[in-house]
Structure formats: C-alpha cells, structure tokens
Amino acid sequence: MTTGHEPGHANPGPQVLLSAQARDALRAAGRASRTRERGGILVGYMEGRTIVVEDALTVPDPRANRTAYVRRPGPAKEVLDNYLRHTDALAGYVGEWHTHPEPAQPSPMDHAAMRAMTRRNQYPVAMVVAALRPGGTVQFHALLGQPDTWPHRLAGNHISVPVTHT
Ligand SMILES: [Zn+2]
C-alpha cells in the first residue's frame, strides 16, 4: 500500500485519486489509444469518500478497435487475481478504466455500463476514462457509483467526480 496520502482535506466531496503509477499507466494507455482503445480494471481502496486508485491494470481485448473496448470477465478476473497475489491485502477491485482516442466524455454506453457496475457491487466503484487530446495530453473523467442511494438496485445511481493525482 502507498502511504502518506492525505485525503482531500479541503475538499471532502467524493473523488477519484490516482497514484503516480496509476496516472502514468492511464496516460500511456491514452496515448496508445489512437489505433485501438484499451481498458482494464482499477485496483485500490476507499478512503472516506475517495477512491484511491493504486494501479490501472490492462485487460487485453483482442477484438478492440478504435471505438470499442469490451472488458471480458474471464481475463479480467485472471489479471486481478494475479495482481492481488503479489500485492498487499488492502488493495482490491475498485472499478474499471478505458481510453477514448479523442477528448470525449463518458458516452451513453459508458453510463449504461456504469449503472450495471453500480448494481453489481455493494460498495462504490469508479469508471475512469482516459481521453486523448489532440496535443497528446490525456484528460481524465470519472464516474462514481452511489450504491447507498435509493433506488440504486433499479437505477444504478452514479455521479461524475473530479480526478486528482499525487
Ligand atoms: Zn467510453
């Protein structure tokens, strides 16, 4: 586990906090997404209302093209299990990520996927989108599940939250 994170003392609202490692991995994936979208799972932990993302693991999708990345549950579980075997016990699955080859917000399809993720998990999970800007920089967007709000089982409530990094 990474120590020394101070959760947003000035801003107690829900947010996604990327470790330097996760940020670098997502930026690299975003830049590489010109030819093919990439994606995978986020590992980390909750700290108050912050999802701390320690790492962004890539789950290969051989069928991905420039506009579609589909996370397949089998390979994702394999990647996650392998990671958790080699890391501390505090980290776990906290959501999913994928790239956009252009500076686009989460799409209607992303929101639908997020609703399904929120319904599937008892605790808040995040979806992080790493969107490539024309200049080669990468912009992060995040959606955060709100499983404790009613009626989450039907609606899969989620909100857009800021992304910060260490
Ligand atoms: Zn998307």
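Two strands are said to pair if DSSP finds at least two bridges between them. Helices (H or I, at least four residues) and strands (E, at least two) are DSSP runs, numbered from the N terminus. The model shown is predicted: local features need pLDDT of at least 70, side-chain atom pairs count only at pLDDT 80 or more, and totals for chains, interfaces and linings use all residues. Residues are numbered from 1 along each chain as its sequence is written.

View 1. From the N terminus on, the order of elements is β-α-β-β-α-β-α-β-β-α-β-β. Of the 166 residues in the chain, 36% are buried (20 or more other C-beta atoms within 10 Å of a residue's own; exposed means 12 or fewer, partly exposed in between; C-beta atoms are placed from the backbone). Among contacts (C-beta atoms, placed from the backbone, within 7 Å) with a separation of 6 or more, 69% join residues 24 or more positions apart.

**View 2. The 8 strands form an open sheet with mixed pairing.** The strand order is E7-E6-E5-E4-E2-E3-E1-E8. Strand E7 (158-161) and strand E8 (163-165) are the edge strands, each pairing on one side only. On average, neighbouring strands of this sheet are turned by 30° against each other, direction ignored. Axes here are lines fitted to C-alpha atoms, for helices over the stretch in contact, and angles run from 0 to 180 degrees between N-to-C directions.

**View 3. Val43 has bridge partners in E3 and in E4.** Strand E2 (residues 39-47) and strand E3 (residues 50-58) run antiparallel and are joined by 8 bridges. The partner of Val43 in E3 is Asp55. E2 and E4 also run antiparallel, with 6 bridges between them, and in E4 the partner of Val43 is Tyr93.

**View 4. Strand E4 pairs with E5 in the parallel sense.** The two strands share 6 bridges, and His100 has Ala131 as its bridge partner in E5. E4, helix H3 (residues 108-120) and E5 make a right-handed β-α-β unit; right-handed means that, with the strands pointing away from the viewer, the path from the first strand over the helix to the second runs clockwise. Because 7 of the 9 residues of E4 are buried, E4 is largely enclosed by the rest of the structure.

**View 5. Helix H1 (residues 20-31) lies across strands that include E1, E3 and E4.** The others are E5, E6 and E8, and H1 runs at about 50° to E3. The buried residues of H1 are Ala22, Arg23, Ala25, Leu26, Arg27, Ala29 and Gly30. Their cover includes E1, E3, E4, E5, E6 and E8. At 1.5 Å a residue, the 12 residues of H1 should span 16 Å, which agrees with the 16 Å between its end C-alpha atoms; the expected span is 1.5 Å times one less than the number of residues.

**View 6. Helix H2 (residues 73-85) lies across E2, E3 and E4.** H2 runs at about 45° to E2.

**View 7. Val161 is found in strand E7.** Val161 counts as buried because 20 other C-beta atoms lie within 10 Å. Not counting residues up to four places away in sequence, Val161 touches Pro14, Gln15, Val16, Ala142 and Leu144. Gly145 is 16 residues from Val161 in sequence, and the two are 10.0 Å apart in space, C-alpha to C-alpha.

Technical notes. Contact = placed C-beta atoms within 7 Å.
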